[in-house]
Amino acid sequence: MALGKDYAAQECSIARALEVVGERWTLLVVRDALYGVRRYNDFLVHLGIPRAVLASRLQSLTAAGVLEKRPCAQAPSRHEYVVTERGRALWPTLRALGTWGRDNFSETKPPRYFRHAECGTELGLVGECPACGILVPVEDVEMVPGPGLDPDPSDPVSRALLAPRRLLTAVETDPV
């Protein structure tokens with residue numbers, strides 16, 4: 001029996017979520033947006049995603065209210081994609097999925113660490129601060145390069161992500 005193209009017959013909140021983020025590449029686009037990637041070309045070069053697929057994913061994430069398309073401040077004729085509150089709400093899920101992937105399927109050292117910018121404590125499974133006892137808002141999460149990260153990446157986005165940075169802070173690469 002062939003699989004359907006959607007989950008319309010499913011009465012399940014996970015199925016509803018998969019309608020938005022369940023296609024290949026989508027969570028990686030959201031991950032990069034949370035890391036501060038905002039421009040189409042930066043997503044393209046960092047992810048190595050086909051142009052048509054990226055355009056489709058950005059369009060669907062914008063339509064679902066996960067990203068907002070805005071004129072780019074540096075080049076108003078171009079656009080950038082900014083994470084909305086709905087998109088920010090995906091952070092604990094992505095954090096948990098990343099930790100699960102690292103713990104169960106990775107044989108290398110962690111490429112990144114995530115810590116509470118306020119106190120410097122490494123975050124727990126879903127983004128909680130064990131020291132402060134709070135779920136850390138995504139804008140208060142600091143991303144720090146780990147020992148598994150390539151210290152000399154070829155693309156400008158990966159190079160920009162080598163420095164410690166707060167999530168959601170726009171990645172600065174070469175001018176548009």
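This is a predicted model: local features need pLDDT of at least 70, side-chain atom pairs count only at pLDDT 80 or more; totals for chains, interfaces and linings use all residues.
Some ground rules: residues are numbered from 1 along each chain as its sequence is written, and side-chain values use heavy atoms, with hydrogens and water left out. Local features need pLDDT of at least 70 and side-chain atom pairs count only at 80 or more, while totals for chains, interfaces and linings use all residues.

The largest pocket has a volume of about 680 Å³. A pocket here is an open set of points on a 1 Å grid over the protein atoms alone, where a 1.4 Å probe fits, with protein on both sides within 12 Å along at least five of seven lines; lining residues have an atom within 4 Å of a point. Of the 24 lining residues, Arg31, Tyr35, Gly98, Pro111 and Arg112 are the closest to the centre. Helix 2 (26–35), helix 6 and strand 3 (112–116) each give two or more residues to the lining, and helix 6 has the largest share, with nine. Helices (H or I, at least four residues) and strands (E, at least two) are DSSP runs, numbered from the N terminus.

**Two residues**

As for Val53, its C-alpha atom is 29 Å from that of Phe114, 61 residues apart along the chain.

Methods: Grid points are joined across faces, edges and corners, and a volume is the space filled by probe spheres set on the points.
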